[in-house]
Amino acid sequence: IRHPSVGPVEQNCKRSVMRTDFVRYHFNGTLLDGTVFESSYVRMQTHDSLVGEGWLIKGLEEGLLGMCVGEIRNIVIPPFKAYGEKGSGTEIPPQATLVYDVLLMDIHNPKDNITIEDPVVPESCTRRSVVGDYIRYHYNGTFLNGVTFDTSYQRNSTYNTYIGMGYVITGMDQALLGVCVGERRRAIIPPHLAYGEKGAGNVIPPSAVLVFDIHVIDFHNPNDKVDIKIIHRPEECNDTTEVNDLVHYHYNCTLMDGTVLFSSHDYGNVPEAVLGMDKVIDGLDEGLRGMCAGEKRLVTVPPHLGHGERGATGVPGSAVLVFDIELVSFQKGVPPGYLFVWLNDTPENLFETMDINKNKEVPQEEFAEFIKMQVADGKGRMKPGLSTEQVIADMFHNQDRDKDGVITEKELKLKVDEDNEKKEKRHEEL
Ligand SMILES: [Ca+2]
Ligand SMILES: [Ca+2]
C-alpha cells in the first residue's frame with residue numbers, strides 16, 4: 001500500500017483518522033489499466049464509513065488511517081487486501097490490484113463531544129451565559145474542509161435564541177453555554193449533536209461535522225432588571241430625582257459590543273423627560289431616578305425594559321442597550337393632572353389670602369401675583385417644563401367657572417375637593 005500525501009494539509013491537521021472513527025470521503029477507484037470501477041464523484045455523494053470495524057476492504061481500512069481532512073491519498077491495494085481471487089461483481093476481476101484516489105472530507109468519532117477552540121474572552125467579562133438566557137450572536141458555519149454552509153453575516157442580522165432549551169441543535173446549545181458578551185469561540189460539533197445521519201435538506205450532508213465560528217453580541221435573562229452603575233456622584237447630593245420630576249440629561253446609547261446607536265450630543269438641545277410618564281423606555285426611566293444633578297451613570301437595559309423583541313428604528317430586536325447618562329439638571333414635578341401643588345398645608349383661608357386687595361374677587365393679574373408669590377416663598381410648586389404664564393392662565397380658567405374674568409369665593413375649589421366631589425357625584429349617578 002502506497003499513499004504519498006500532500007504536505008500543507010498535514011501542517012494544519014489537528015486530527016487524523018484513527019480506528020473507530022467515522023469518515024466521509026470522495027474517491028475514484030480504478031484498476032491498474034485505468035478502468036474506473038467506482039467513483040463517489042459520479043454518485044455525487046461521499047462514501048461514509050467507520051474505520052477499523054470491518055466495513056471496508058482491509059487495504060482501505062489501513063490506507064485511511066492517519067489521513068487529515070483535505071488530504072488526498074493515492075492508495076494502491078494488492079488483491080489479498082481487496083477482493084482476492086474472487087473479485088467482486090462484474091467490475092472487479094479476480095486478483096485485481098485496486099487504486100483508490102481518496103480525498104478525506106470529514107472525520108469524527110461517535111464518542112465525540114463538542115470541541116471548543118480558540119476562545120477569545122473580553123477582559124470586561126463579569127457574567128457567563130446560563131440555561132434560559134436569551135442570546136444574540138453572529139456565526140459562520142463551515143464544514144471541516146472549510147466550505148461555508150451558512151452564515152449570519154450574510155443576512156446582516158444576528159441569530160437570536162434561548163440557550164439550553166432545545167431551540168437549536170444540541171451541540172450549539174452546549175457551545176453557547178458559559179460564554180461572555182463579546183466572546184469569540186469556535187465550536188466543532190459532531191453529527192450526533194447536530195443533524196445526524198439524515199443531514200438537513202440540500203445544505204447539510206448526512207453525518208457531517210459542523211464548525212461554527214461564534215461571536216456573542218449580547219445575552220440577557222428575561223428576569224434581568226435594569227443594571228445601574230454610578231460612575232460619578234457629586235459630593236453635594238441632597239436632592240435626587242423621582243417620579244414626576246422633569247429631568248434634563250445627556251446620554252450615549254450603545255449596544256453591548258460598543259456600537260453607538262444614539263447620542264444626545266448630536267442633537268442641538270439637552271433632552272428632557274418627565275419621569276414615570278412613559279416618555280422614555282422603562283429601563284431608562286428607572287435609570288434616571290434617584291440621581292442628583294451632575295451625577296453620571298452607566299445603565300444597562302434588557303430588551304423587555306427597552307425596545308423589546310421587535311426593536312425600533314436603529315435598534316435591533318431583543319438588543320441589550322447601554323446608556324451612558326449624565327443628569328444635567330432637574331425640576332421637581334407635580335402629580336399627573338396637577339398644574340400646581342402645595343408643598344406644605346394649604347393656607348387656611350385660601351380665598352382671603354388670594355384676594356390681596358380684599359375686594360371679594362380675584363382677577364387673573366391678582367391670581368398670577370398670588371401664585372408667583374407662593375412659588376417664590378417655597379410654599380408651592382408649578383408643573384415644570386411649561387411657561388409660567390401659560391400654567392397660571394390654565395389654572396385661572398379652571399377656577400373661573402362662569403368665565404366672567406374673576407374668581408369668587410364660591411368658585412374657588414382645591415383640586416382635591418373637586419376630585420372628591422366628582423367621585424361622589426359618580427356614586428350618586430350609579
Ligand atoms: Ca381682589
Ligand atoms: Ca367667575
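**A close look at one helix**

Modeller: Happy to! Over residues 387-422 the chain is 56% helix and 6% strand, with end C-alpha atoms 29 Å apart; helices (H or I, at least four residues) and strands (E, at least two) are DSSP runs, numbered from the N terminus. This is a predicted model, where local features need pLDDT of at least 70 and side-chain atom pairs count only at pLDDT 80 or more, while totals for chains, interfaces and linings use all residues. Residues are numbered from 1 along each chain as its sequence is written, chains are lettered from A and ligands numbered from 1 in the order in which they are written.

UniProt, in an unreviewed entry, puts "domain: EF-hand" on residues 348-377 and 387-422; its positions are given in the numbering used here, feature names are shortened, and annotations may be inferred rather than shown by experiment. Residues 348-377 are 60% helix and 7% strand, and their end C-alpha atoms are 17 Å apart.

The part to zoom in on is helix α9, residues 388-399. At 1.5 Å a residue, its twelve residues should span 16 Å, and the end C-alpha atoms are 17 Å apart, which agrees; the expected span is 1.5 Å times one less than the number of residues. Buried in α9 are I392, M395, F396 and Q399 (buried means 20 or more other C-beta atoms within 10 Å of a residue's own, exposed 12 or fewer, partly exposed in between, with C-beta atoms placed from the backbone). Down the axis of α9, these buried residues fall within an arc of 100°, so they line one face of the helix; the arc is that of the directions from the helix axis to the C-beta atoms. An α-helix has 3.6 residues a turn, so residues three or four places apart point the same way. On the face of α9 turned away from its buried side sit the exposed residues Q390 and H397.

What covers that buried side? The cover includes β18 (340-342), α8 (364-376) and β21 (406-407), where contact means C-beta atoms, placed from the backbone, within 7 Å.

Now for the cores, each a set of buried Ala, Val, Leu, Ile, Met, Phe, Trp, Tyr and Cys residues joined through C-beta atoms within 7 Å. The largest has 75 residues, and L104, I189, F212, V216 and F323 have the most contacts inside it. Strand β11 (residues 210-220) gives the most to this core, seven residues. A second, separate core of eight residues includes V362, I371, I407 and M395, and M395 is one of the buried residues of α9.

Elsewhere, the unreviewed UniProt entry lists "domain: PPIase FKBP-type" at residues 20-108, 132-220 and 244-331. Residues 20-108 are 12% helix and 39% strand, with end C-alpha atoms 9 Å apart. Residues 132-220 are 11% helix and 39% strand, and their end C-alpha atoms also lie 9 Å apart.

β12 pairs with strand β16 (residues 296-301) in the antiparallel sense over five bridges, pairing needing at least two DSSP bridges. Within that pair, I228 has V299 in β16 as its bridge partner.

Terms used. Two residues are in contact if their C-beta atoms, placed from the backbone, lie within 7 Å.
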